[in-house]
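Thanks for coming, everyone. Let me put the structure up, and then we'll walk through it.

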Amino acid sequence: MEPEPLYNLLQVPGRVDPPPGETLSQGEKKKFLPPTSRKDPKFEELQKVLMEWINAELLPEHIVVRSLEEDIFDGLILHHLFQKLTGVKLDVEEIALTAASQRRKLAVVLEAAGQTLQVEEPQAKWSVESIFNKDLLATLHLLVALAKRFQPELSLPTSVKVEVIIMESTKSGLKSEMAVEQLTECGTDKDQPSKDVFDELFKLAPEKVNAVKEAIVNFVNQKLDRLGLSVQNLDTQFADGVILLLLIGQLEGFFLHLKEFYLTPKSPAEMLHNVTLALELLKDEGLLNHPVSPEDIVNKDAKSTLRVLYSLFRKHKLKESADGVPLESPN
């Protein structure tokens with residue numbers, strides 16, 4: 001059966017469709033960068049910084065990169081860059097002219113890079129297939145990892161994130177969703193927050209996570225009952241920030257004007273606006289003991305969602321406690 005052209009997808013208001021002519025085979029999933037994401041200033045700045053870094057490294061070899069999307073895929077520049085950064089000579093042909101030989105060369109370079117970065121392909125955000133197919137996001141993830149490893153003082157723009165379209169071909173037709181992809185961290189490694197009780201809970205006692213979720217869901221539903229709302233899935237229903245804002249309003253006595261947030265968010269950017277506003281309110285009240293990225297909530301990260309909800313749970317369960325005994329962290 002012929003793969004279905006992606007441009008046959010129904011138009012969705014406010015969304016940019018994938019490039020015409022792209023196809024998906026049955027069961028295949030692909031990620032696309034809409035034009036609006038490509039024009040994001042921080043996204044463009046990240047590419048500029050990485051290109052300047054590569055060109056500076058390869059200047060003695062008179063190699064110039066003009067496009068990360070078009071110049072990296074065949075393994076030639078990655079080969080020279082890897083050898084310059086590591087001093088390791090790879091057993092590959094210098095000039096690969098055919099697609100097959102280019103792919104083989106790229107595979108050797110990426111395997112060596114993965115060993116140096118201590119990242120295996122299943123865990124890596126890049127692959128031979130994605131780089132060879134000129135996947136700009138995969139290429140950027142690889143170059144950012146190399147820059148952080150070999151040029152940690154390089155001033156990469158922080159918190160670079162873009163909206164992406166994820167398309168999947170299923171038996172019932174094409175499915176699509178929007179997501180936010182993080183390319184650089186919010187700060188340097190030394191600025192990253194230390195582990196908290198939820199890191200330990202997910203790592204050492206994953207069997208208890210559902211019990212903690214159930215307790216928090218019961219608490220949330222008690223508070224939302226007067227609004228005629230209920231939560232069944234903690235992992236997904238807080239991703240757009242709406243229920244989170246309404247819950248904070250109920251518990252903290254805030255009145256949020258509808259102009260301040262999106263009641264029916266239609267894009268990840270609108271969801272991100274809602275979640276960011278909610279986290280700012282919690283910070284203002286001194287409730288967040290551990291930094292939380294709004295992108296993690298939008299991307300349905302269970303640990304981050306639990307952190308946020310537990311900050312409210314802890315404060316208001318304590319307030320309701322008849323004996324006034326402080327509520328400890330979840331066991």
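Start with helix α2. Its buried residues pack against α1 (35–38), α3 (68–71), α4 (76–86), α7 (136–150) and β4 (161–170). Contact here means heavy atoms within 4.5 Å. Buried means under 20% relative accessible area, exposed means over 50%, and partly exposed is in between, with a 1.4 Å probe and protein chains only. Helices (H or I, at least four residues) and strands (E, at least two) are DSSP runs, numbered from the N terminus.

Some ground rules. This is a predicted model, where local features need pLDDT of at least 70 and side-chain atom pairs count only at pLDDT 80 or more, while totals for chains, interfaces and linings use all residues. Residues are numbered from 1 along each chain as its sequence is written, and side-chain values use heavy atoms, with hydrogens and water left out.

Now the overall view. The protein chain has 14 helices and five strands. Of its 331 residues, 46% are buried. Take the contacts between residues at least 6 apart in sequence: 58% of them join residues at least 24 apart.

Back to α2. Which of its residues are buried? They are F43, L46, Q47, V49, L50, M51, W53, I54, N55 and E57. Look at the start of α2. A side-chain oxygen of D40 comes to within 3.0 Å of the backbone nitrogen of K42. That is a polar contact: a pair of N or O atoms within 3.5 Å, where within protein one must be able to donate a hydrogen and the other to accept it, and residues adjacent in sequence count only if both atoms are side-chain atoms.

One more residue in α2 is E44. With a relative accessible area of 42%, E44 is partly exposed. Leaving out residues up to four places away in sequence, E44 touches R38 and K39. E44 and P157 sit 113 residues apart in sequence, yet their C-alpha atoms are 10.0 Å apart in space.

Side chains of opposite charge can pair when their charged atoms come close. The cut-off for a salt bridge is a side-chain nitrogen of Lys or Arg within 4 Å of a carboxyl oxygen of Asp or Glu. How many turn up in the whole structure? The search finds ten. I'll show three of them.

R38 pairs with E69, with the closest N and O atoms 3.0 Å apart. R38 is in helix α1 and E69 in helix α3, so the bridge ties together parts 31 residues apart in sequence. R38 is partly exposed at 32% relative accessibility. E69 is partly exposed as well, at 21%.

Next, E129 and R103. Their side chains meet in a salt bridge, 2.8 Å from N to O. E129 is in helix α6 (residues 128–132) and R103 in helix α5 (residues 99–117), 26 residues apart. E129 is partly exposed at 43%, and R103 is partly exposed at 31%.

Then K213 and D235, whose closest N and O atoms are 3.0 Å apart. K213 lies in helix α9 (residues 209–224) and D235 in helix α10 (residues 234–237), so this bridge joins parts 22 residues apart in sequence. Buried or partly exposed: what is K213? At 15% relative accessibility, K213 counts as buried. D235, at 23%, counts as partly exposed.

Stay with α5 for a moment. Q102 is in that helix. Q102 is buried, at 13% relative accessible area. Its contacts, not counting residues up to four places away in sequence, are F73, D74, A96, L97 and F132.

Last topic: backbone angles. Most residues other than glycine have a negative phi. K134 is not a glycine, and its phi is positive, near 60°. K134 lies in the loop between α6 and α7, and at 30% relative accessibility it is partly exposed. S159 also has a positive phi, about 50°, without being a glycine. S159 sits in the loop between α7 and β4. S159 is buried, at 17%.

That's the tour. Over to you.
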